[in-house]
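This report goes through one structure by topic.

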Amino acid sequence: MPASPILEAIHHAGRIILGKDRQIRLALVCLLARGHLLIEDLPGVGKTILAHVLARLLGLNFHRIQCTADMLPADIIGVSIYDRNTGGFQFHPGPIFAQVILVDEINRATPKSQSALLEAMEEHQVTCEGETRPLPEPFFVIATQNPYHQIGTFPLPESQLDRFLMRIEMGYPDQAAERELLAGADRRDMVASLNPCMEPGELIELQRAVREVHVSGALIAYVQALAEHTRRSPDFEAGLSPRAALSLLRAARAWALIDRRDLVLPEDIQAVLPAVAGHRLHPSGGAPTASSADIAAALVGAVPIP
Amino acid sequence: MQELWLFASAGMSLLPHVEHAPIWLTIAVGAALAWRTAIWWRRTALPSRWLLNFLVAAGSAGIFLTFNQFFGKDPGIALLICFLALKLLEMRRVRDGLAIIFLCYFLLLTHFLNEQGIGVAGFTLATLVVVTAALASLGHGGRPAADHLRQSVLMLAQAAPFMLVLFLLFPRVQGPLWGMPADAYSAMSGLSDSMSPGSISNLSLSGEIAFRVKFEGDLPPRPALYWRGPVLSLYDGRTWRADARQRKVSPHDTAAGPTYRYSVTLEPHNKHWLFVLEMPWKLPPDAILARDYQLLSKTPVRSRIRYEAQSHLEFVPGADESEVSLRRHLALPANNPRTRALAEKWRQELATDEGIVRRMLDHFRQEKFFYTLTPPLLGENSIDQFLFETRRGFCEHYASAFVFAMRAAGVPARVVTGYQGGEENPVDGYMIVRQSDAHAWAEVWLKDKGWVRVDPTAAIAPNRIEAGLASAVLAGEPLPFLVRTDLSWFRGIRFRWEALSNSWNQWVLGYNPQRQREVLSRLGMREPDWKTMTAAMAVLCGLLLLGLVFWTLHKRIRIDPTVRAWNLLSRKLAHLGLARRDWEGPMDFFNRVALSRPELAHPMQAIVALYIDLRYGKQNDQSAQQRLRKLVSNLEIIAKR
Amino acid sequence: MQATASFKRWLFRLYGPEAAPIILTQRRVYVLPTKAGLTYAAALGFMLIGAINYNLSLGYALIFLLAGLGLVALLHTFRNLVQLEIFPGHVEPVFAGDMAHFSLQLLNRRNQGRFSINLRFEGGGAVSTDPAASASTLVRLPLPTSRRGWLHPGRITLETRFPLCLVRAWSYVEPDMRCLVYPRPEKSAPPLPLSAAGESGGSRSGLGTEDFAGLRSHQLADSPRHVAWKAVARGQPLLTKQFAGASTTQVWLDWFEMPPELGIEARLSRLTRWLIDAHAQGLAYRVRLPGKEIPLGMGARHYQDCLEALALYGD
């Protein structure tokens, strides 16, 4: 099965990021499905490490962008600077020109910078001074956002959230994992000692294989039923968009591939549902604090598999 | 869009009335329609209520002036037409649209007062589709035109079985329920009780059917096909009239020659005569035989009727005619001196009455007489003029001149009108007698023989009797289209068409209380009275409604066999309390079952793998579906003790 | 009056709010001819008398066909409504006095469309919709609001006269829905109590500088400190840096600091007006009500929480 290097990667990553197998797996699914990942959590729960580990294991180069309020779009994309020697403008690529990018605290950037970044994510290319430059392949953005400190920030608007295939929460490690973490070696050193599990070309192959995973009519009917339910149920403020339903299928395909299957099962949909649908659905009125997992569980329980 | 539907409905409903409505009304309604269309096209305002009230008053006044009354068929129809046209100008709300549509339905019905042929039925059906589509467009203006049309056709098609049941079983009542307006039957044509020069030749130009005859057994020879109608024995110098003072007689009981049995389906002509082959012997019930052997019905024939009769060709009545009666048949006004002189000359020359008759016929044959549909007009002494000057005439001229001459010569004589000939339709075997077969001939009374038929036309134009009108008249004369002989291919079609319209008349238009009883007893209903008919009608309508209700509530649910097998598995496992949850995927289900009942893990594995392949994989063949079904039904569940 | 109401409740099986999905089964769809339908029947009666009187055989046929059409119309109208499924949908909160809109999904499982279905609340405006074949259709039913708090809309009448207007089919449903009605904002309220915020100092966010918001073309009056010199170095024209006034002035909206002569509703009304203004100006605010306090915050969610607290005050 072509997914074996992925399993290997999950195995290695799990040794560094303890007790977070599910998050690692979802992050890889997101990468295989050619989507981008939003991690919403407190600082210090291992968001940065996760990005590092993934880049390292998959043999990809890695950049980090720390967002601040005074950051300009050019600080992300790059600038053309006049070169006296050549007598012309030369493009100095910004940090976005990398295969794995960690955008830290994206809600601190101004809407203008945010939209420049998100546009690059969507198009897989940047346009600077009238010139279009493609971004490297594979291209994977992990953005983090701190949901609790809101003042002076620019929370991503609904429409921009939709650009992220998934949103996940890291959460605190459980007791056993935390004990092991505290007792173990420095995580930074461990990351540095990691060896890639695959060639970059191999990853692109896998991304292509995701698209080959079979989706039957019955499964499409299930996805449709889920979306339909969110649209007509009074429990949600707005239903899932067709794009969201497509994302769900895309992620489920990647999940099935990692599970070494060439067809998608309803279980795959259910597995990726919290991450894919959590940030696109808002429970109406009563329960504003419901987590993605609760929302997804309620949704799954309400819709029979056709 | 709705407006267009309503315009089309109104136009189609009004169209057949153009032929019968007063001309000024047709023009006014046409103008109103054009005006309304212009308003719609230019989106200008509808006329004010004041103007409409004025138009209603003007239209009503016009109708009153035309007909001198409001009650009756024609003024009633005219009023409906007028209201429909004006309602179109007042189309503001849905209610006005509904009123237009109901008026259209009414107009469709009233058109049947004029005509009820197959063509009319077809046109009415087409109009009904359009009017119903207009009604549907009132229910929902936004749909495309084709949808309204489809809706209308679908609903009418579904309504058709109800129509059939009600038509067959609705207990028929013979109308009328009250006195008819006097003008109800003005449109009917046929022979009248008087004859003046030109009255029959006018009739001969009409190809309309007078009656149809169905013979049991052989047909009589064509020259013997004299269908007796009004007998005219009173003459005022120009017009022959029937003698109204008639005693009733029974047919003579001496008869000779073969008997012909036949049934006649007579088109309504609003007079009393029933046409029978000369001479009637067995009469239909409810018919009266007058002394001069006219067969009369008790009421005017105002709807198509059917009667059976028998005739003998060689049966001659009237041998015992009284003196008084014979003298009446010699009465003449004091004109036409030349004819009188000629007749008196013959009387002196010839010994017997037969001789005089033969002499007169010879006269017609030897002198230059012509048989024509377009004779010249005649003046005061019309018979003198005809016999000695113009010498061109149609059967009524010859019959009239012959009888006049006979009476002048002292031979009792009278004019008989009716039809001569008839054409057999090879398609259904009915003989058709048309208005163009209308004819006039003479009868003379001879001692010991009684009344003897003499047809002077036969002396002039033997072909008229042998082969029909078309071969007898001069070339180039106008003839009814259907009588012409040169269109043989057309005659084939015509026969078919007439056979069709005959069955239409017999079974649809002639479906009266009597026919209904006949049909229903043939369908196995014994002694059908209105109670059993109503009951049968209710039951059948109920069944039809049930069928439609079923169609209404019917949902087509086809369950995939794979899913059916999967549901069966869940039902089986439900005995163990392990039914699949609605939202549970196949793998989760399998894991849960395998965990709680490890012994089922192995057989379940094959089922789940196959199910996943069929439902979520690319496999889609029937043998695999059957295999799945077999696996599931073979799975043995042993309940926990 | 009471008796008729309870009879109606028994006849039409009205038992209070129902859980979704509400399926219009044949038992709860009622049909009767409309006024037009009765006129139609009467017209057919007249026509029948005419046909009998004049012995119009084709007239009989026409009338019977039209009678059949009436029966078929009855079923078509019934069919247009029956088996429709109704799912209650979202309801956006509104301010008292505004029109509340209740969303409903009408699911038509039949593979033929349905047409001209009218829905209305008692006392609300009617909405007409054509649910397409095998699809669900969204309708928004308006209902005027007058009082703050939860608005329970009561029952909906679904009605159709499609296709021929001769028959009316209708049904009653009472979906489990409610709408949150915020208090009516005061028309001419005093300005926002910003002075109260002055005491707490009005903190500034982040690094202490104003937030950069973007560039615009330079105007002569602009301070040279705000010129984007970096861009000039790149050979671009003079641009002026703009800074957003994303100040985080805090507003206290306090029940207890209102003039004592104001009644409950008047206070809520004024607080609502202030909330709207504060939110529109992008200020951070906190709300204090008797027995409830909502801490300082901003953003859409905070705004809704505050309004909800005002709407449900005393419930």
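## Contact between chains B and A

The contact between the two chains involves 15 residues of chain A and 11 residues of chain B; two residues are in contact if their C-beta atoms, placed from the backbone, lie within 7 Å. On the side of chain B that touches chain A, the elements giving two or more residues are α21 (586–596) and α22 (601–616) of chain B. Helices (H or I, at least four residues) and strands (E, at least two) are DSSP runs, numbered from the N terminus. That side of chain B has 5 nonpolar, 2 polar and 4 charged residues. Here Ala, Val, Leu, Ile, Met, Phe, Trp, Tyr, Cys and Pro count as nonpolar, Asp, Glu, Lys and Arg as charged, and the others, Gly among them, as polar.

This is a predicted model, in which local features need pLDDT of at least 70 and side-chain atom pairs count only at pLDDT 80 or more, while totals for chains, interfaces and linings use all residues. Residues are numbered from 1 along each chain as its sequence is written, and chains are lettered from A and ligands numbered from 1 in the order in which they are written.

## Nonpolar cores

A nonpolar core is a set of buried Ala, Val, Leu, Ile, Met, Phe, Trp, Tyr and Cys residues joined through C-beta atoms within 7 Å. A residue is buried if 20 or more other C-beta atoms lie within 10 Å of its own, exposed if 12 or fewer, and partly exposed in between. The largest nonpolar core has 121 residues, of which I81(B), L84(B) and C104(B) touch the most other members. The most residues in this core, 16, come from helix α3 (residues 57–81) of chain C.

Beyond its neighbours within four places in sequence, L84(B) has contacts that include A10(B), L14(B), I100(B) and C104(B). A second, separate core has 96 residues, among them A27(A), L57(A), V223(A) and L248(A).

## Chain C

Chain C contains 17 strands and 7 helices. Of its 315 residues, 36% are buried.

## Backbone exceptions

Most residues other than glycine have a negative phi, and most peptide bonds are trans. The bond joining E137(A) and P138(A) is cis, with omega about -15°; P138(A) is in the loop between β7 (131–134) and β8 (140–145) of chain A. Another cis bond runs from E278(B) to M279(B), with omega near -10°.

R34(A) has a positive phi, near 55°, and is partly exposed, with 19 other C-beta atoms within 10 Å. For R260(A), phi is positive and near 60°. R260(A) has 12 C-beta neighbours inside 10 Å, so it counts as exposed.
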